[in-house]
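Please read the following report beside the sequence and the model.

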Amino acid sequence: MAFQGMAFQGMAFQGMAMDPRLAQVREAVGQSRMHQGMAMDPRLAQVTQGAGQSRMHQGMAMDPRLAQVTQGVGQSGRRRGGRRNAICLSPPAALRHKALFELQASGSQGQGTVRRSPALAALEIMPEAPRRRRSSTSSSAFRGEAKQGGAEGKAAEEVVQATLSFDPRDAFGSESKELEFVAVLLQAGGVPQVAAALLAKRAREVYASPASLVEGEEQPPPPYHSWFHAVDVLQAATVLLTGAPAELQPLDRMAVALGALFHDAGHPGRSNAFLRATASPLVSKFGEPSTLERLHWSLAESCLCHVEVQREMLSALSREDWAALLARIKGLICATDMALHAETLKDLEQGKRDAATLAKAILKGADISNVARPLATARRWADSLRDEFLAQGDDERARGLDVTPMCDRAKFRSTVHMSCGFIDAVALPYFHTLRLVIPAAGAFATAVEANRALWEREMQQQQATKNKHKRRGEQ
């Protein structure tokens, strides 16, 4: 990353030079180049003053672009070796890595070690375009300038709402930036740096080759249950994890992040009911119930147990914790079956607050969070889901099967009606319940309510136009 026209200022660099482990960075890139990556933004003074020398280095070392410059990398601190060439960080990137450290601290060391709100840290690791949309009010509130409970609570919701502007289909200019961001989100969940980069790449490849409905035939990626949906869910899960209850331990957070990434891996764009009705080979291979979810877990397991990934994970976890993590990820992925949605909601309503219930609740909320995105983004997701549903209905009709009602092109009313129906029956009741235990879910509920009102207005306008044309026809 090239930085031109930058003046050398020694103070910021001194904050980094105190740690003898960083000597090899100076040898590789020189003092002025290292300083250029940090000195562009006065806000970065917090990195050297507040976070401490070693924390500052940890916050920078988590980016796959940044060379591994110490023997301790990421969460484990036991990764050995490393390259001697470091890449300077731009101010936005440096802020993201400070925020990333704060997110990890919030999950493993308690809220007292985090200078800013985890919600603001989650916002800082987002790509540049969505982050520009947050209000100055919400930003200042989370830096401690708003002390009143009501005002601060409102500002907290504004910060979380700002994270909802994320859309993975528009946020990145290249595959490398896309993979880098996914890796950063995984690291926010506690996944070691190198493993996060490897898993991001392998997950993208898996989603690019969905399971075949007919043996020997290649299946194109579905319109909705795609790689971009996985990234969308992972980002929403990262936001929902901010400020989550203490019952969620670091291993649970890691399981949520990895479960979000792989929860629809290999999805063929058809429902479990369709697979049963067509006697799909996937049913005989993966069994019932939840055939698709078993498929997703199988592909996730193959990625997680890849020799390179497993080596990196075992450098951070004991074998017992590694086995426990895999079991938790499997349980979370299988719980995303919509047939189990009512069960997850009932557990929350009955007051269950154990780690397994909370982890499932967060992943479920992230999985249905597209209706909380800004209306234009929510509409794009809804259109993709509509296309996937109607394609299944066309396939059912061509095979002489009973057409699933919501997939019947002849009876489909509109994307607006479909979205309102889902919000009323599923999303809004769920987020209203989830907000009682996951504070960040309150902003999701507010956003869903706002979208519901906008969809309702659009339905009324459509109906008014339809009635107008009908009257004209009668005349």
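In this predicted model, one aromatic cluster is formed by Phe 166, Phe 172 and Phe 181. Within the whole structure, a search finds seven aromatic pairs, and one of them joins Phe 172 to Phe 181 in a tilted arrangement, with 5.3 Å from centre to centre and 45° between the planes. Phe 172 and Phe 181 are both buried.

| Arginine | Ring | Distance from the ring centre |
|---|---|---|
| Arg 169 | Trp 381 | 3.7 Å |
| Arg 270 | Phe 274 | 5.6 Å |

Helix H24 covers residues 441–474, which gives it 34 residues. From its first C-alpha to its last, H24 reaches 49 Å, and this is close to the 50 Å expected at 1.5 Å a residue. Which residues of H24 are buried? They are Ala 441, Gly 442, Ala 443, Phe 444, Ala 445, Ala 447, Val 448, Asn 451, Arg 452, Trp 455, Glu 458 and Met 459.

The backbone has some features of its own that deserve a careful look. Most residues other than glycine have a negative phi, and most peptide bonds are trans. The peptide bond from Glu 288 to Pro 289, however, is cis, with omega near -10°, and Pro 289 lies in the loop between helix H16 (281–286) and helix H17 (291–304). That loop between H16 and H17 also holds Ser 290, a residue that is not a glycine and yet has a positive phi of about 55°.

A positive phi is found as well at Ala 279, where the value is near 50° in a residue other than glycine. Ala 279 belongs to the loop between helix H15 (272–277) and H16.

Are these two residues buried or exposed? Ala 279 has a relative accessible area of 63%, and it is therefore exposed, the cut-off being over 50%. Ser 290, in contrast, counts as buried because its relative accessibility is 12%, which falls under the 20% limit.

Notes:
Residues numbered from 1 in each chain as written. Predicted model: local features only at pLDDT ≥ 70, side-chain atom pairs only at ≥ 80, totals over all residues. Heavy atoms only, no water. Phe/Tyr/Trp six-rings, centres within 6.5 Å; stacked < 30°, edge-to-face > 60°. Buried < 20%, exposed > 50% of the residue type's maximum accessible area, 1.4 Å probe, protein only. Lys NZ or Arg CZ within 6 Å of the ring centre and 35° of its normal. Helix = DSSP H or I, 4+ residues; strand = E, 2+ residues; numbered from the N terminus. Expected span 1.5 Å × (residues − 1).
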